[in-house]
Amino acid sequence: MKDQIKILFLADEPDKGLWDYFEKEKLAGIDIIISCGDLPPQYLSFLATYFKGPVLYVHGNHDECYEKTPPGGCTSIDGKVFVYEGVKIAGLGGSMEYKRGEHLFTERSMKKRVNKLKKKLFFKHGLDIFVTHSPAFNLCDGDELPHRGFKSFYKILDKYHPQVFAHGHVHLNYSYNQPRIVNYGDTTVINAYQKYIWTYEKK
């Protein structure tokens, strides 16, 4: 197995360099692609066509179209655990409920989803990468309800201490002060807006 895994995180807006001006060489060296939500299914399907590794995703709050047009060649990890090269990756999509929607949740309903995922993580003996659409509460989230993060995510962060917590939803162009990367204990928190490449170091 590899000692390092190069991950291309995506979220919220397609990167023109990977779609409008795509060249296959831009994916060279990438081992796995992970979408943190709110991307057109056609975009993910396009990347999966040219990419040999897994393309994983969670749902964003605007991804109702995935029900009728799921991204081809891609794997949903929403509420699931996916293992790649021994690295355990778990995902929870959706955002705070600010209207009715398929992928919108109250804090209470997200807590139920977290508890279900924790049962799966127990049998997998934890996780290494936690992928969501929304951030955690008070951890690079927004003040207004639509962009407020979930408190229940800390039940996973504090118990399993994943090396990486990647999310989307809060666009970096919303604020000049919005950070791309912060640390929460031993966890690196990544805002995957558009694209971000991270090299995962196996412990």
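Predicted model: local features only at pLDDT ≥ 70, side-chain atom pairs only at ≥ 80, totals over all residues.
Aspartate 78 is buried, at 14% relative accessibility.

**Salt bridges**

Aspartate 78 pairs with arginine 113 in a salt bridge, with the closest N and O atoms 2.7 Å apart. The two partners come from distant parts of the chain, 35 residues apart. Aspartate 78 sits in the loop between strand 4 (75-76) and strand 5 (81-84), while arginine 113 belongs to helix 2 (residues 107-124).

How many salt bridges are there? The count is two. The other pair joins the side chains of aspartate 15 and lysine 195, at 3.8 Å from N to O. This pair also links distant parts of the chain, 180 residues apart. Aspartate 15 lies in the loop between strand 1 (4-11) and strand 2 (32-35); lysine 195 lies in strand 13 (residues 194-201). Aspartate 15 is buried, with a relative accessible area of 12%. Lysine 195 is partly exposed, at 37%.

Five strands make an open sheet with mixed pairing, in the order 4-3-2-1-13. Strand 4 and strand 13 are the edges, each pairing on one side only. Strand 1 and strand 13 run antiparallel to each other and share eight bridges. Across that pairing, leucine 8 stands opposite isoleucine 197 of strand 13. Helix 1 (residues 41-50) packs on the sheet and touches strand 1, strand 2 and strand 3 (55-57). The directions of helix 1 and strand 1 make an angle of about 155 degrees.

Which residues of helix 1 are buried? They are Pro41, Tyr43, Leu44, Leu47 and Ala48. Viewed down the helix axis, the buried residues fall within an arc of 160 degrees, so they line one face of helix 1. Their cover includes strand 1, strand 2 and strand 3.

**Aromatic pairs**

There are 11 aromatic pairs. One of them joins tryptophan 19 and tyrosine 43 in a tilted arrangement, with 5.0 Å centre to centre and 35 degrees between the planes. Tryptophan 19 is in the loop between strand 1 and strand 2, and tyrosine 43 is in helix 1, so the pair ties together parts 24 residues apart in sequence. Tryptophan 19 is partly exposed, at 29% relative accessible area. Tyrosine 43 is buried, at 0%. Elsewhere, ring pairs link Phe130, Phe150, Phe153 and Phe165 into a cluster.

Serine 134 is in the loop between strand 9 (129-132) and helix 3. Its contacts, leaving out residues up to four places away in sequence, include Phe150, Phe153 and Phe165. Those three phenylalanines are members of the ring cluster. Serine 134 also touches Gly94, Ser95, Arg148, Gly149, His167 and His169.

Proline 162 is in the loop between helix 3 (154-160) and strand 10 (164-167). The C-alpha atoms of proline 162 and isoleucine 129 are 5.5 Å apart, though 33 residues separate the two along the chain.

**Buried residues, by relative accessibility**

| Residue | Relative accessibility |
|---|---|
| Aspartate 78 | 14% |
| Aspartate 15 | 12% |
| Serine 134 | 1% |
| Proline 162 | 0% |
| Tyrosine 43 | 0% |

How values were computed: Residues numbered from 1 in each chain as written. Heavy atoms only, no water. Salt bridge = Lys/Arg side-chain N within 4 Å of Asp/Glu carboxyl O. Helix = DSSP H or I, 4+ residues; strand = E, 2+ residues; numbered from the N terminus. Buried < 20%, exposed > 50% of the residue type's maximum accessible area, 1.4 Å probe, protein only. Pairing = 2+ DSSP bridges. Contact = heavy atoms within 4.5 Å. Axes fitted to C-alpha atoms, helices over the stretch in contact; angles between N-to-C directions. Arc of directions from axis to C-beta. Phe/Tyr/Trp six-rings, centres within 6.5 Å; stacked < 30°, edge-to-face > 60°.
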